[in-house]
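This briefing is arranged by topic for a reader who has the sequence and the coordinates at hand. Please read it alongside the structure shown here.

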Amino acid sequence: MCYGLKELFAAADAQADIVAVEADESLCTVARDRLTALDTGGRVSLFSARDLEALDVHLRRLASTGKYRRVLRLDFSAGTALAPAFYGQVAAAAQEIIASFWKNQITLVRMGRLFAKNIFQNLPLLSASLQLYQLEGSISRPILVCGAGESLDKTKVPGRGCFIIAVDAALPALLSRGIRPDAVVSLESQMVIQKAYIGAASVLTDSPPLLFADITSRPSVPRSFPNRTVFFASKYAEASYLDRLTGKGIVHDYIAPLGSVGLAAVAIALRVRKDGGIPVFVTGLDFSYSAGRTHASGVPHDIQRQSMSCRTAPAENYGAAFGPASLPVTGKDGSLMISIKSMTGYAEEFRHIFAGQKNVFDIGKTGLDLGLPREENGRLLEAADTAKANGENSESSWTEASPQARGNAAAFLSEEKTALLTLKDLLMHGDESQYRNTSQSLDAQLLSLLIGREYLYLHFPDGYRLSTDTAFLKRVRAEIDFFLKQIGLAERG
């Protein structure tokens, strides 16, 4: 009956957005009529239990404005007691949407500039390489995804017969065991990931595995896998410049940003297997660790600890188990393990995305529950032996990138260079610029150039909102030179 709305209007800020949710469809119909009679001026958005998808879209749109920090739940009547779970879930989901926006914004502030830089430097490689969609359904062998967690140490990995996909940190651990993976997944954008490829030169030179690389990954990594890189693209932000990459045929499609290389490896495995009848086995994706350990033996972190150990700094990493961010968790085998909030979040996301997928099994003995059916190591070895006996050794043949793909990338870089030079001149000379279009205001011309080039400002603390304020434009001006340099490097290959 909309009781209390007038009082809320009087108490709330004039800019506040009020979202109303009614679980009962009949009462929602009454409420819509009542809102029309009250003439709320569009300040109230009403949703029923059938409109949850629209409610999600509405809340994400509000969150994207950056105006909101939290959601305040107000129960206008005791009727909420008739569906307490429903209202509790809606309020929690609304708060999570707001929190996710700010978490993503923090990530963009820290990493957004590097993501965009890597995309520009990877463009020449991208236009001359395969993309993930071209290998879809190409693998008819059983697939084993190897993470870098402790459970990898307890897994017997078959040398032949299955298609082994390793996360980048697990590559040296497998090589030290005499196992050459068929593919490596690279998601990391920072220099730290270079350690994963130390000592792998002979393998990369003689018979390099495939490299599945994100377009935001560190460019030096795919350059180490000439003619063996398969790019995929995760959309790290809602940015129209990323949409233009697909529109121009440079990027075929985007996958959801998963954050964890382990999750990305499993998603890739599901796309490249021939059909749902091909089993996928997972190990080393623990998202937790035991006291004194954080990874499997032979991964870069373990090697570094071993090489630098002494009496006062032992190889065992107990600091990670008793640090302020650590928290105790129960492993899938009932043992006490250690984790941190980000890793438990990845485990939860893994369960949400992959639980229920056909023929996906967890053979890891330790770590958090992944929501997958658990199988013994012998099931993997048996499947590998069967595939080897049947002579299954499939991999899509490589094809040269089309001249059109290379031309599209070159045209995109040229277009961006021209736009940035124009924008730079307008910011330096204003109305006296040689590029000044007098048919529109200077602000309108600047906005027309900035829209679609979010890489210039997405990493600003206030980059979620484009502005023509002087302080904002001065920061944009500083970024233009940086990205002109990246374009120049990309054009030179």
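Asp243 and Lys235 are joined through their side chains in a salt bridge, with an N to O distance of 2.5 Å. The model is predicted, and the values below are computed from it. The protein chain contains 16 helices and 12 strands, and 46% of its 493 residues count as buried.

**The pair Asp243 and Lys235**

- Asp243 has a relative accessible area of 34%, which lies between the 20% and 50% cut-offs, and therefore counts as partly exposed.
- Lys235, the partner of Asp243 in this salt bridge, has a relative accessible area of 18% and is buried, because the value falls under 20%.

**Other salt bridges**

- The structure holds 25 salt bridges, and side chains of opposite charge can pair when their charged atoms come close.
- Arg50 and Glu25 form one of these through their side chains, at 3.6 Å from N to O, and this pair links distant parts of the chain, since Arg50 sits in the loop between strand 2 and helix 3 while Glu25 belongs to helix 2, 25 residues apart.
- Arg50 counts as exposed at 70% relative accessibility, whereas Glu25, at 27%, counts as partly exposed.
- Arg177 and Asp153 meet in a salt bridge with an N to O distance of 2.4 Å between their side chains, and they too connect distant parts of the chain, 24 residues apart, with Arg177 in the loop between helix 5 (171-176) and strand 6 (183-186) and Asp153 in the loop between strand 4 (143-146) and strand 5 (163-167).
- Both members of that pair count as partly exposed, Arg177 at 35% relative accessibility and Asp153 at 30%.
- Beyond these pairs, a network of salt bridges links Arg244, Lys248, Glu415, Glu416 and Arg453.

- Asp214 is located in strand 7, which covers residues 210-214.
- The side chain of Asp214 does make a polar contact with the side chain of Ser234, at 2.4 Å.
- When neighbours within four places in sequence are left aside, the residues in contact with Asp214 are Asn122, Ser186, Leu187, Phe231, Phe232, Ala233 and Ser234.

**Asp182, in a loop**

- Asp182 lies in the loop between helix 5 and strand 6, and with a relative accessible area of 15% Asp182 is buried.
- The side chain of Asp182 reaches the backbone nitrogen of Ile164 at a distance of 2.9 Å.
- Not counting residues up to four places away in sequence, Asp182 touches Arg141, Cys162, Phe163, Ile164, Pro209 and Leu210.
- Asp182 and Leu144 are 38 residues apart along the chain, and their C-alpha atoms are separated by 9.9 Å.

**Cavity and pocket**

- A search of the whole structure finds 1 cavity of 30 Å³ or more, and the largest cavity holds about 50 Å³ of space.
- Two or more residues of the lining of the second largest pocket come from each of helix 1 (5-11), strand 1 (18-22), helix 2 (25-38), strand 2 (44-48), helix 3 (52-64) and helix 4 (84-126).

**Chain as a whole**

- The C-alpha trace of the protein chain spans about 75 × 65 × 55 Å along its principal axes.
- Among contacts in the protein chain with a separation of 6 or more, 68% are accounted for by residues 24 or more positions apart.

Terms used:
Residues numbered from 1 in each chain as written. Predicted model: local features only at pLDDT ≥ 70, side-chain atom pairs only at ≥ 80, totals over all residues. Heavy atoms only, no water. Helix = DSSP H or I, 4+ residues; strand = E, 2+ residues; numbered from the N terminus. Polar contact = N/O pair within 3.5 Å; in protein donor to acceptor, adjacent residues only side chain to side chain. Contact = heavy atoms within 4.5 Å. 1 Å grid on protein atoms, 1.4 Å probe; cavity = no way out; pocket = protein on both sides within 12 Å on 5 of 7 lines; lining within 4 Å. Points joined across faces, edges and corners; volume = space filled by probe spheres on them. Salt bridge = Lys/Arg side-chain N within 4 Å of Asp/Glu carboxyl O. Buried < 20%, exposed > 50% of the residue type's maximum accessible area, 1.4 Å probe, protein only.
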